Amino acid sequence: MSTHEIELSKENQGREQTVSGRVEPVVSLPIKAIWTLELNTVCPNCGEHLDLLDDGDFWEENRIQAGEHETEQSKNIDAWCKECEHEFKVDLAY
Ligand SMILES: [Zn+2]
């Protein structure tokens with residue numbers, strides 16, 4: 001058997017092991033679906049795109065529900081630009 005033939009048979013063995021292995025599910029049950037919330041706005045001063053939820057104090061400072069809009073509490077919300085430090089007000093929309 002030449003060196004070349006030995007190399008080939010090794011390659012084939014490796015391939016067989018991969019194919020014969022039982023496929024296990026990647027994720028265990030129950031499968032979850034994860035909510036992701038963003039509250040996106042644009043700084044009127046510098047045009048930076050901001051996610052107001054990046055501010056960890058957002059929920060404490062503003063007593064609003066996720067998705068809340070067109071209510072008294074969801075209007076005139078304080079926003080702050082992390083890029084130019086401009087402060088402005090926003091009305092939440094959904
Ligand atoms: Zn800005």
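Reader: Among contacts with a separation of 6 or more, what share comes from residues 24 or more positions apart?
Author: Such residues account for 43% of those contacts in the chain. Please bear in mind that this is a predicted model.

Reader: What share of the chain is buried?
Author: Of the 94 residues, 1% are buried.

Reader: And how many helices and strands are there?
Author: There are two helices and four strands. Along the sequence they come in the pattern α-β-β-α-β-β.

Reader: Turning to the strands, how do strand 3 and strand 4 run?
Author: They run antiparallel, and four bridges join them. Strand 4 covers residues 87-90, while strand 3 spans 77-80.

Reader: Which residue stands opposite E87?
Author: That is W80; E87 itself belongs to strand 4.

Reader: How many residues lie between the two strands of that hairpin?
Author: Six residues separate strand 3 from strand 4. In the turn, E85 has a positive phi of about 65 degrees.

Reader: Where is K82, then?
Author: K82 is in the loop between strand 3 and strand 4.

Reader: Is K82 buried or exposed?
Author: K82 is exposed, because it has 12 other C-beta atoms within 10 Å, and a residue counts as exposed with 12 or fewer.

Reader: How far apart are K82 and H49 in space?
Author: Their C-alpha atoms are 9.8 Å apart, although the two residues are 33 residues apart in sequence.

Reader: A change of topic: which peptide bond is cis?
Author: The bond from L29 to P30 is cis, with omega near -10 degrees. P30 sits in the loop that runs between helix 1 (3-20) and strand 1 (40-42).

Reader: What is phi at E70?
Author: Phi of E70 is near 55 degrees, which is a positive value in a residue other than glycine. E70 lies in the loop between helix 2 (58-61) and strand 3.

Reader: Are E70 and N76 buried or exposed?
Author: E70 is exposed, with 10 other C-beta atoms within 10 Å. N76 is exposed as well, with 10 other C-beta atoms within 10 Å.

Key. Residues are numbered from 1 along each chain as its sequence is written. This is a predicted model: local features need pLDDT of at least 70, side-chain atom pairs count only at pLDDT 80 or more; totals for chains, interfaces and linings use all residues. A residue is buried if 20 or more other C-beta atoms lie within 10 Å of its own, exposed if 12 or fewer, and partly exposed in between; C-beta atoms are placed from the backbone. Two residues are in contact if their C-beta atoms, placed from the backbone, lie within 7 Å. Two strands pair if DSSP finds at least two bridges between them.
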